[in-house]
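Trainee: I would like to go through the labels used for this model and hear what each one rests on. Could we start with the terms for accessibility?

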Amino acid sequence: MDLSRRHALAGAAALAATPLLSSAPAKASAPPADKQAPSFYRYKVGDIQVNAISDGAATFPLADTYISNAKRDDINAVLATAFLPKDQITNFYAPLVINTGGKLVVIDTGNGPGAYASSKGNVGQFITNMTAAGIDPKMIDMVVISHFHGDHVNGLLTADGVLAFPNAEVLVPAVEWKFWMDDGEMSRATGDRMTGLFKNNRRVFEAGLKKKVTPYEWGKDVAPGLLAVASIGHTPGHTSYVLSSGSDKVFIQSDVTNLPALFAANPGWHVNFDQDPVQAEATRRKVYDMLVADRMRVQGFHYPFPANGFVEKDGNGYRVVPAPWSPVL
């Protein structure tokens, strides 16, 4: 069959011009839904259950400063190749809840319930979706933070500024804690973004948590089967994790890349969220070369939901292949 775009358009026009076959009244139908179903997805790593839980997605205009070493036309060309709209970026957010069998462990907390209203429901969905998945925030034993950006730490507090996980121990990277809690570093911060990050982190960790955190070191398990791995550059203490059970494992990359269609494909591009972009690029290449060599599953905080897959080499960059969806655990 020879089906061209011209044929398809001609067929659509003919269908639009065809009179209705029947004048009988249509039966009543359900009104269209006005929101998505709760967004969560589960898979197993050995005996450990991973719950990827969406905090939502935020879309914003493509700023000239978004990638410091790439031209707008080149960025738009990559977006078009990935079937994404030009001149805009969509950030996805996917915190995790890990059930080790003995502990319920949250990894990063999303933008927080306080962001739900200001974003018109686009972000701040983590607690709502977690509850829909049958997980009570009061049952969380540990919250493990990868780094101190607002989309990872703001969910530690409710919209009223009280603890979102009242019975959980909060674990933070020791290097990250030292940097953001250093008054000297805060006094030397310049620019709205960095000064805003220091202010927000003091709000969350000093005013909110009263500094009741447990700093952890790299190279050690911070929870059963969860090894903390240095992956610096995005922030001074940025941390990724290897979750292992038996012979199975997944690399939880946190923010080693942002949107993979842009930054896995072009690992040399420097996004404005990276505090040390040169170090972040070196980390990105090292991590992704490892993922390719080991054929290890990867979970990305900013990947399109459910935010996990596998990495393969693709020219001078990489391509993330989404993991197959499974209807059963």
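Mentor: A residue is buried under 20% relative accessible area, exposed over 50%, and partly exposed in between. Keep in mind that this is a predicted model.

Trainee: Why is Glu312 called partly exposed?

Mentor: Glu312 has 32% relative accessibility.

Trainee: What makes Arg319 and Glu312 a salt bridge?

Mentor: The criterion is a side-chain nitrogen of Lys or Arg within 4 Å of a carboxyl oxygen of Asp or Glu. For Arg319 and Glu312 the N to O distance is 2.6 Å, so the pair qualifies. The structure holds nine salt bridges.

Trainee: Which parts does the salt bridge of Arg202 and Asp183 tie together?

Mentor: Here the N to O distance is 3.0 Å. Arg202 lies in helix 8 (residues 191-208) and Asp183 in helix 7 (residues 183-188), so the bridge ties together parts 19 residues apart in sequence. Arg202 and Asp183 also belong to a network of salt bridges with Glu206 and Lys211.

Trainee: Are Arg202 and Asp183 buried or exposed?

Mentor: Arg202 is buried, with 11% relative accessibility. Asp183 is exposed, with a relative accessible area of 52%.

Trainee: How do you know that strand 1 and strand 9 are edge strands?

Mentor: Take the strand order of this open sheet of seven strands, 1-2-5-6-7-8-9, with mixed pairing. Strand 1 (40-45) and strand 9 (214-216) each have a single partner strand, so one side of each is left without a neighbour in the sheet. On average, neighbouring strands of this sheet are turned by 25° against each other, direction ignored.

Trainee: What makes strand 8 and strand 9 a pair?

Mentor: At least two bridges are needed. Strand 8 (residues 169-173) and strand 9 are joined by three and run parallel, so they pair. Pro173 stands opposite Tyr216 in strand 9.

Trainee: Which strands are joined to strand 13 by bridges?

Mentor: Strand 12 (residues 239-245) is joined to strand 13 by five bridges and runs antiparallel to it. Strand 14 (residues 297-300) is joined to strand 13 by four bridges, in parallel. Phe251 of strand 13 is the bridge partner of Val242, and in strand 14 the bridge partner of Phe251 is Val298. Strand 12 and strand 13 form a hairpin with two residues between them, and Gly246 in the turn has a positive phi of about 60°.

Trainee: What makes strand 13 mostly covered?

Mentor: Five of the seven residues in strand 13 (residues 248-254) are buried.

Trainee: Which residues have the most contacts inside the largest nonpolar core?

Mentor: That core has 32 residues, and those with the most contacts inside it include Val97, Ile140 and Phe205. Helix 8 supplies the largest share, five residues. Among the residues that Ile140 touches are Val97, Met130 and Phe165.

Notes
Residues numbered from 1 in each chain as written. Predicted model: local features only at pLDDT ≥ 70, side-chain atom pairs only at ≥ 80, totals over all residues. Heavy atoms only, no water. Axes fitted to C-alpha atoms, helices over the stretch in contact; angles between N-to-C directions. Buried < 20%, exposed > 50% of the residue type's maximum accessible area, 1.4 Å probe, protein only. Core = buried A, V, L, I, M, F, W, Y, C linked by side-chain atoms within 4.5 Å. Contact = heavy atoms within 4.5 Å. Lists of a residue's contacts leave out its neighbours within four places in sequence.
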